Amino acid sequence: MSQNFQTPLACQRTALSADGTPISYRTMGDGPHLILLGGALRTSDDYLPLASVLATSFRVHLVERRGRGASGPQGPHYTLRKEVEDLLAVQSETGARLAFGHSYGGLVILETARSYPVFDRTAVYEPGVPAAPVPTGWMGPYRERLTAGDSYGAFVHFIQGAGGAPPILAKLPYWYLRYALRIGFRGPSWQRMRPLLAANLAEHKQVAAQQGKLAGFGAVTASVLLLCGSRSQLASKTQFGALREILPTAVQETLNGLNHFGPEGKTAAVVAERARAFLL
C-alpha cells in the first residue's frame, strides 16, 4: 500500500445484513454517496489510497467485506447472494446511488445491480464476471494445503492454477516458487492476505458458479464504466469485451500501464480520476 497520500478522517459504521451478519464500513469525504467494494485476498486497508482520492469529491463508504476485519464471518452457507445482501444493507444505510468495485467486488456490484435498481452509475475495474470456462483444478490441492497448515503451498496452487499469473510464474516448478515465496514474501501484504486464504477459495467457487450466466447481466439498468489495465492478460480483456456487449449502457476503457491491481497502491489515483469523471 502506498504511503504517499493523506488519509481523510473516517467514521467507522456497521450495517446488519439480511442474515444478521455485521458489515463494517468506513465513511470519509463529502459529496455524492459512493460505495467502494474490494476484491479477493484484499481488505479495506488495501483500498485506502483509492478511497482517499475519491473522498475529495464523494462521501465514500469503504466496505470491509464479510470475513474481514470488524465485519462478521463468511459463514458455513456462504454464497454470492450473501455478498449482495451485505451490499444492499450498506446501500440502505447510506442511500448511495453510486458504486465502485474491483475484481470480486465488481462482480458483487454487477450482480446486485442485475436484480435491484439501487444504483444509477457504477464503475468496475476488471470485475470477476466469467465469460469463459473458469479453472477449478487448483481448488482441491489448495484446500489440502490449507488443511495441512501450508499457507505458502496453497497460495502457489492458486497463483499457478487460477489463470491470472504471469506466464513465467505459471511455468516455474511448484517447489521452487513455494520456496521463493517463503523467503521473499513475508511483509504486510502477505500478513493481510494470509488470514483470507480460506475466504479466497469460497469466493472463487462462487466465481466458477457464475459460469454460463453472462447473459443475465443484460438486466443491469445502471450506467457502467468498465475499466481494465493494458498490462492485464489478453484473455481477460476479451472477457471484459464480452461483458460490455451484454451490459445495456456500458463504456469500456483501458488504462495504459496498469495491471489487474490498478486500483491499489501508487496507481490508485489514476483509476480514481477516471472513475470520478464518470461517476460525477
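Is L41 buried or exposed? L41 counts as buried, at 5% relative accessibility. Here buried means under 20% relative accessible area, exposed over 50%, and partly exposed in between, with a 1.4 Å probe and protein chains only. The model is predicted, so local features need pLDDT of at least 70 and side-chain atom pairs count only at pLDDT 80 or more, while totals for chains, interfaces and linings use all residues. Residues are numbered from 1 along each chain as its sequence is written, and side-chain values use heavy atoms, with hydrogens and water left out.

L41 is placed in the loop between β3 (33–37) and α1 (48–54). Helices (H or I, at least four residues) and strands (E, at least two) are DSSP runs, numbered from the N terminus. L41 is not a glycine, yet its phi is positive, at about 55°. E126 has a positive phi too, of about 45°, and is likewise not a glycine. Its loop runs between β6 (121–125) and α4. E126 is buried, with a relative accessible area of 3%.

Aromatic contacts were then examined. Rings of Phe, Tyr and Trp (its six-membered ring) pair if their centres lie within 6.5 Å; planes under 30 degrees apart count as stacked, over 60 as edge-to-face and the rest as tilted. By this rule there are nine aromatic pairs. In one of them, the ring centres of Y142 and F158 are 6.3 Å apart and the planes stand at 70°, so the pair is edge-to-face. Y142 lies in helix α4 (residues 139–147) and F158 in helix α5, so this pair ties together parts that are 16 residues apart in sequence. Both Y142 and F158 are buried. F155 and W190 form a tilted pair, with 5.6 Å from centre to centre and 55° between the planes. F155 belongs to helix α5 and W190 to helix α8, so the pair ties together parts that are 35 residues apart in sequence. F155 and W190 are both buried. Ring pairs link W138, Y142, Y152, F155, F158, F185 and W190 into a cluster.

A charge also meets a ring. The charged end of R121 sits over the ring of F278, 4.2 Å from its centre. The criterion is NZ of Lys or CZ of Arg within 6 Å of the ring centre and within 35 degrees of the ring normal.

The largest pocket holds about 1400 Å³ of space. On a 1 Å grid over the protein atoms alone, a pocket is an open set of points where a 1.4 Å probe fits, with protein on both sides within 12 Å along at least five of seven lines; lining residues have an atom within 4 Å of a point. Points are joined across faces, edges and corners, and the volume is the space filled by probe spheres set on them. The lining comprises 47 residues, and A162, G163, G164, A165 and H260 lie nearest the centre. Elements giving two or more residues to this lining are α5 (151–161), α6 (167–171), α8 (188–193), α9 (197–209) and α10 (234–246). With five residues, α10 gives the most. The lining divides into 27 nonpolar, 16 polar and four charged residues. Ala, Val, Leu, Ile, Met, Phe, Trp, Tyr, Cys and Pro count as nonpolar, Asp, Glu, Lys and Arg as charged, and the others, Gly among them, as polar.
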